[in-house]
Amino acid sequence: MFPPFDQELARHYCLEFISGIEDGSIVLKQISKESEERKGHGVMVGALVCVNAAGQRVVLHAVSGISVVALRVPQGPQVAAGLGERNGLGEAPLKDIIVPPIVEPDQIEKALAKNDKKIHELTDAISQVALREPQGPQVAAGLGERNGVGERNGVGEALEPPLKKELLSQRTALTTESLLNVFSLYTFTRFDGTKITLNEIIQAHGGRLPPTGTGDCCAPKLLSYAFEHGLTPVSMDEVFYGRDTKNKKNGVSYPPCDERCGYILPYILGLEILYRDSQIIVVNKPSGLLSVPGRTQDKQDCVVNRVKKLFPHCIEQPSVHRLDMETSGLLVLAFTKEAHRNLSAQFEEGTVHKKYVALLDGVFDHNEYEGELKLKFRLDVDNRPHQIYDEVNGKLGITLWKKEGTELYTAPDGTKRRTTKIIFTPKTGRTHQLRLAASDPHGFGIPIVGDTLYGHCEPGERLMLHAFELEFNHPISGEHMHFEI
């Protein structure tokens, strides 16, 4: 995933920490059994540079995993007090803290103990069944004879023996239960000080389980600790320390990993950050979150305010375009006034390229597979925020469309229905333009799945409209920027 914060300053502290390991002032202590696959591997060393409410610098450190902890060897009163020394990085940090793991290793061992013995017994039983499977010329020839364990399928591939299949199913159920037992222990502090559990994040992912070790990387430890203690992140980096591997080199910085951190950091940060530099930020807005704040107090949680919370140097009004609350997808925001002016001009001139994907709630039976819709519509003043078709007083909305085919959609209650996948390319930016292009009789006459305003939304359903492509020129460098998600 893209580094959510600048890495440069934090990298200096990572390298300083590694120097401490090498000179003995910091010890990496093995506190739980090291897995066979991890034996001899290195660790990620992370640093998060923050400021507290008084504007003082606080540096947090962490190492990846749960089997190793970093401990400082006392070197005198200055180190004991945690004051640090000047090191060419400017003002010495007020505190230099080694962050503990989210969950202690003994808690994880207890969570795994319930099913551990049975899982090993099933693994042994599966191995015994595998040994009894035919391995000779008959198998190689693919004769398709019954063999007392399973069957051939007529094309030279052995069918899974019923006994082995049942044993595998039992083991999968137990390992899943054990994983959930472990994941239930993890609670993170979010950007706004609220708590979120790993199980809640799993539910938000539709029940898809993350890899083992999720929550034990440096980034979630550092960020959760910072937000729990009211610290504002400034710079974060992770440096690999250990013997070079195929994927990692000693002393090299790496961004948070996609597999584990990419699964949970958007929920801790409140944003999925796809790109960030000193001038702009590009995020993937989730469905259900406002782009900009509303007028009432209950409508202040939005992309803009979350960006300003994470990046205090951001200008007061960073928004240059928006998505409906129910629509998900790509948003670019400006950190500086100069970037804001340039991006706003690009949107006004129509040089920004956007594409959306939608699922229409039904089959769009049309002879053509692409075309252009031109509809005039305006606000329905008696039924805000609805828009209505008005050929006389409406403002023109122009949308290019392309039919991608039909898909079988599964609703939250498990029922299935046929939908139509459409790619929309708006040439104008009218309110609810794409939702009206789909639902209005002058357009397709088929609302988008989950549309609360112009269609129907079942409990647990969302608007199936996503801004998946965004192209513009960087407001300062002029570089062509292209994002897809």
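Strand β3 has buried residues on both of its faces: Arg-57, Val-59, His-61 and Val-63 lie on one side, and Val-58, Leu-60 and Ala-62 on the other. In this predicted model, 7 of the 7 residues of β3 are therefore buried, each having under 20% relative accessible area. In a regular strand the side chains alternate between the two faces of the sheet.

## The sheet around β3

Strand β3 belongs to an open sheet of 5 strands with mixed pairing, in the order β5-β3-β2-β8-β9. The edges are formed by β5 (95–98) and β9 (253–254), each of which pairs on one side only. Helix α1 (residues 8–23) packs on this sheet and touches β2 (43–51), β3 (57–63), β5, β8 and β9. The direction of helix α1 makes about 45° with that of β8.

On one side, β3 pairs with β2 in the antiparallel sense over 7 bridges, and Leu-48 stands opposite Leu-60 in β3. The hairpin of β2 and β3 has 5 residues between the strands, and Gly-55 takes a positive phi near 85° there. The pairing of β3 with β5 is parallel and extends over 4 bridges; in this pairing His-61 stands opposite Ile-98 in β5. At the other end of the strand order, β8 (residues 232–241) and β9 run antiparallel and are joined by 2 bridges. Val-239 has Ser-253 in β9 as its bridge partner.

## Strand β12 and its partners

Strand β12 (residues 328–334) is also mostly covered, with 7 of its 7 residues buried. Strand β11 (residues 280–285) pairs with β12 in the antiparallel sense over 6 bridges, and Val-282 stands opposite Val-332 in β12. The pairing of β12 with β18 is parallel, over 2 bridges, and Ser-328 stands opposite His-466 in β18.

## Aromatic pairs

The structure holds 10 aromatic pairs. A pair of aromatic rings is described by the distance of the centres and the angle of the planes.

| Ring pair | Centre distance | Plane angle | Class |
|---|---|---|---|
| Phe-364 and Trp-401 | 5.5 Å | 80° | edge-to-face |
| Trp-401 and Phe-444 | 5.2 Å | 85° | edge-to-face |

Why are these pairs edge-to-face? Planes over 60 degrees apart fall in that class, so the angle of 80° places Phe-364 and Trp-401 there, and the angle of 85° does so for Trp-401 and Phe-444.

Both pairs link distant parts of the chain. Phe-364 lies in the loop between β13 (353–360) and β14 (370–379), whereas Trp-401 lies in strand β16 (residues 395–410), 37 residues apart. Phe-444 lies in the loop between α11 (433–439) and β18 (465–473), and 43 residues separate Trp-401 from Phe-444. Phe-364 is buried, with a relative accessible area of 6%. Trp-401 is buried, with a relative accessible area of 6%, and Phe-444 is buried at 11%.

Elsewhere, ring pairs link Phe-2, Tyr-275, Phe-472 and Phe-483 into a cluster. A contact of another kind involves Lys-248, which lies over the face of Tyr-254 at 5.6 Å from the ring centre.

## Backbone geometry

Most residues other than glycine have a negative phi, and most peptide bonds are trans. Two sites in this model depart from those patterns.

- The peptide bond from Arg-384 to Pro-385 is cis, with omega near 0°. Pro-385 is found in the loop between β14 and β15 (387–389).
- His-432 has a positive phi, near 60°, although His-432 is not a glycine. The residue is in the loop between β17 (416–426) and α11, and counts as buried because its relative accessibility is 9%.

## Cysteines

How many disulfides does the structure hold? The number is 0. A disulfide is a covalent bond between the sulfur atoms of two cysteines. Cys-302 counts as buried because its relative accessibility is 0%, whereas Cys-457, at 27%, counts as partly exposed.

Notes. Residues numbered from 1 in each chain as written. Predicted model: local features only at pLDDT ≥ 70, side-chain atom pairs only at ≥ 80, totals over all residues. Heavy atoms only, no water. Pairing = 2+ DSSP bridges. Contact = heavy atoms within 4.5 Å. Axes fitted to C-alpha atoms, helices over the stretch in contact; angles between N-to-C directions. Disulfide = S-S within 2.5 Å. Buried < 20%, exposed > 50% of the residue type's maximum accessible area, 1.4 Å probe, protein only. Phe/Tyr/Trp six-rings, centres within 6.5 Å; stacked < 30°, edge-to-face > 60°. Lys NZ or Arg CZ within 6 Å of the ring centre and 35° of its normal.
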